Amino acid sequence: MYGNDFGPKITADGDAGDDPALLDGFQRTLDAGERIEPRDAMPAGYRKTLIRQIAQHAHSEIIGMQPEGNWITRAPSLRRKAILMAKVQDEAGHGLYLYAAAETLGASREELLNLLHDGKQKYSSIFNYPTLTWADMGAIGWLVDGAAIVNQVPICRCSYGPYARAMVRICKEESFHQRQGFEILDTLSGGSPSQHAMAQDAIDRWWWPSLMMFGPPDDQSPNSAQSMAWGIKRFSNDELRQRFVDMIVPQAKILRLALPDPDLRWNAETEHWDFGAIDWAEFFGVLKGDGPCNEQRVAHRRGAHTDGAWVREAALAYADKQATRTAEVA
Ligand SMILES: [Fe+2]
Ligand SMILES: [Fe+2]
């Protein structure tokens, strides 16, 4: 179903402002568990929050291509190379769906990319860590895509229709990504002692940053309450982080790999895995730009954008030609 039955419709760049009828229509749509669609009236803050979140998500998908793209030429076999290339291509596709979803809110792709290139919009901090060995491809797939799944499955039920629908397809592909990461680690873990050690070293480096992917603790997450009320966010950062830990601990056992946390233990009372303190100073440092690869990632992205200018020009010229031809036929 597209659209909903509540409230008057307005154009894509129209906000509900202070109009009580429009705001009431928006609220009744949320209360009924229906989706807000691009032509529905919405509070300016809802639109702004979604654009920021979807843009940040889209930027993360395309910046996330870099740490893994780094290993395509060095994959240990043709099979691994083909899988990794497909995975990195999927991430480009995720970026595309998400920029398209942001466009339905009136933000152009060009504008959002400029904000990324100028450092005015962020992407997930995890991609500011380097990929040092082949085992990092396994750790990223298993942990980083695994955390992405836990974060994103609830967004399939987000109140904004285009974002929710984009997420359904993305989540299906992310679960393939997580399995391929698991399979890389399973192979390395069962290989020679040095292969096992390489897998363990990758987990040691990626475990804590992957826990940080859920964002700051609930008591330091100022925008969360409003996002929950708007149905953009369904669970708090800490709830999702706990869900991730509970999912990963049994998988680590199957992989015969240890998670680098001496405080990790089963809590029979809460029926969850307790885990140690996260180094939030590191998180905020990387967020601020002091991670090992922040500069490199943004510089590479800017370079790719400049180098790709001719592709955009050619695509536009082709589209113009097609439009002229269609007009002539008509
Ligand atoms: Fe993705
Ligand atoms: Fe992925």
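The iron ion (ligand 1) has four protein donors: E61 (OE), E91 (OE), H94 (ND1) and E174 (OE). Donors are N, O and S atoms within 2.8 Å of the metal (3.2 Å for Na, K and Ca); water is not among the atoms, so sites may look incomplete. The model is predicted: local features need pLDDT of at least 70, side-chain atom pairs count only at pLDDT 80 or more, and totals for chains, interfaces and linings use all residues. Residues are numbered from 1 along each chain as its sequence is written, chains are lettered from A and ligands numbered from 1 in the order in which they are written, and side-chain values use heavy atoms, without hydrogens and water.

The angles among the four donor atoms of the iron ion (ligand 1) run from 84 to 141 degrees, and the site is irregular. Four donors count as tetrahedral if all angles lie between 85 and 135 degrees; four count as square planar and six as octahedral if opposite donors are over 155 degrees apart and all others between 65 and 115; anything else is irregular. The donor spacing in sequence is E-x29-E-x2-H-x79-E. Distant parts of the chain are linked here: H94 sits in helix α4 and E174 in helix α7 (residues 161–189), 80 residues apart. Helices (H or I, at least four residues) and strands (E, at least two) are DSSP runs, numbered from the N terminus. H94 is buried, at 0% relative accessible area. E174 is buried as well, at 2%. Buried means under 20% relative accessible area, exposed over 50%, and partly exposed in between (1.4 Å probe, protein chains only).

E91 in helix α4 (residues 78–103) and D145 in helix α6 (residues 135–152) are 54 residues apart, a link between distant parts of the chain. E91 is buried, with a relative accessible area of 5%. D145 is buried, with 4%.

The protein has 13 helices and two strands. Its C-alpha atoms fill a box of roughly 65 × 55 × 35 Å along the principal axes. Of the 330 residues, 50% count as buried. Among contacts (heavy atoms within 4.5 Å) between residues at least 6 apart in sequence, 77% join residues at least 24 apart.

The structure holds nine aromatic pairs. One of them, F214 with F244, is tilted, at 5.3 Å centre to centre and 45 degrees between the planes. Rings of Phe, Tyr and Trp (its six-membered ring) pair if their centres lie within 6.5 Å; planes under 30 degrees apart count as stacked, over 60 as edge-to-face and the rest as tilted. Both F214 and F244 are buried. The rings of F283 and F284 are edge-to-face, because their planes stand at 75 degrees, with centres 5.1 Å apart. F283 is buried at 8% relative accessible area, whereas F284 is partly exposed at 34%. F26, Y46 and W230 form one aromatic cluster.
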